[in-house]
Amino acid sequence: MSLSVGDRAPEFSLPDQDKQVVSLAELRGTPVLLVFYPFAFSGICTGELCQLRDELAAYTDAGVKVLAISTDPVFSLKAFKAQEGFDFPLLSDFWPHGETAQAYGVFNDKAGMAVRGTFLIDAEGVITFAEVNGPGDAREQSGWKDAVAKIAA
């Protein structure tokens with residue numbers, strides 16, 4: 001069961017592509033957009049994250065910190081970030097495998113991966129936008145932008 005608008009966002013601390021730990025608690029006071037995706041280098045995931053990269057100013061200008069999370073190991077994420085030029089952290093939910101994705105209700109335990117879950121968390125740690133798409137269903141990102149615009153207003 002995934003989380004809903006109004007739920008408190010589960011805390012996590014995950015390593016980024018450079019093995020630097022990023023903690024949701026440390027970001028309190030800042031809105032955060034969590035973008036769970038199945039796998040680095042896969043077609044739909046690359047397209048979604050490249051769109052996010054290309055439109056990142058829409059989020060950062062509103063004061064929103066963007067974090068992308070997959071169950072890939074940090075080494076894969078480092079190569080993925082370098083190849084695509086992402087300007088936001090790629091967090092590894094590799095071990096314990098999928099623990100953060102499970103906490104958000106977006107872990108496919110049969111495939112061992114996160115599904116496409118998107119959560120906008122306000123500065124107090126409450127989910128203000130939640131959307132879950134299946135692994136093969138690309139996300140329409142206009143919903144995220146609308147939610148970000150409401151936080152920024």
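In which strand is Thr118 found? In this predicted model, Thr118 belongs to strand β8, which covers residues 116–121.

View 1. Thr118 is buried because its relative accessible area of 0% falls under the 20% limit. Leaving aside residues up to four places away in sequence, Thr118 touches Leu33, Leu34 and Val35, and it also touches Phe129, Ala130, Glu131, Arg139 and Trp144. Strand β3 spans residues 32–36, and the contacts of Thr118 include Leu33, Leu34 and Val35.

**View 2. The polar contact between Thr118 and Arg139.** The side chain of Thr118 makes a polar contact with the side chain of Arg139, at a distance of 2.9 Å. Arg139 is also one of the residues that Thr118 touches, and on the Thr118 side this pairing involves a residue with a relative accessible area of 0%.

**View 3. Ser42 in the loop between β3 and α1.** Ser42 lies in the loop that runs between strand β3 (32–36) and helix α1 (43–54). Is Ser42 buried or partly exposed? Ser42 counts as partly exposed, because its relative accessible area of 24% lies between the limits of 20% and 50%. The side chain of Ser42 reaches the backbone oxygen of Phe39, with 2.8 Å between them.

**View 4. Ser42 and Ala79, compared in sequence and in space.** Along the sequence, Ser42 and Ala79 are 37 residues apart, while in space their C-alpha atoms are 13 Å apart.

**View 5. The chain as a setting for the close-ups.** The secondary structure of the chain consists of 5 helices and 9 strands, which follow one another along the sequence in the pattern β-β-β-α-α-β-α-β-α-β-β-β-β-α. The chain has a radius of gyration of 14 Å, which agrees with the value near 15 Å that a compact globule of 153 residues would have. Taken along the principal axes, the C-alpha atoms fill a box of roughly 35 × 30 × 30 Å. Of the 153 residues, 49% count as buried, and among contacts with a separation of 6 or more, 64% are accounted for by residues 24 or more positions apart.

**View 6. The surface and the charged side chains of the chain.** The accessible surface of the chain comes to about 6900 Å², and carbon and sulfur atoms contribute 53% of that surface. The chain carries 12 positive and 21 negative side chains, and the centres of these two sets lie 2 Å apart.

Key: Residues numbered from 1 in each chain as written. Predicted model: local features only at pLDDT ≥ 70, side-chain atom pairs only at ≥ 80, totals over all residues. Heavy atoms only, no water. Helix = DSSP H or I, 4+ residues; strand = E, 2+ residues; numbered from the N terminus. Rg over C-alpha atoms; globule rule 2.2 N^0.38 Å. Buried < 20%, exposed > 50% of the residue type's maximum accessible area, 1.4 Å probe, protein only. Contact = heavy atoms within 4.5 Å. Areas by Shrake-Rupley, 256 points an atom, 1.4 Å probe, with all protein chains shown as cover. Lys, Arg positive; Asp, Glu negative; His and termini not counted. Charge placed at Lys NZ, Arg CZ, Asp CG, Glu CD. Polar contact = N/O pair within 3.5 Å; in protein donor to acceptor, adjacent residues only side chain to side chain.
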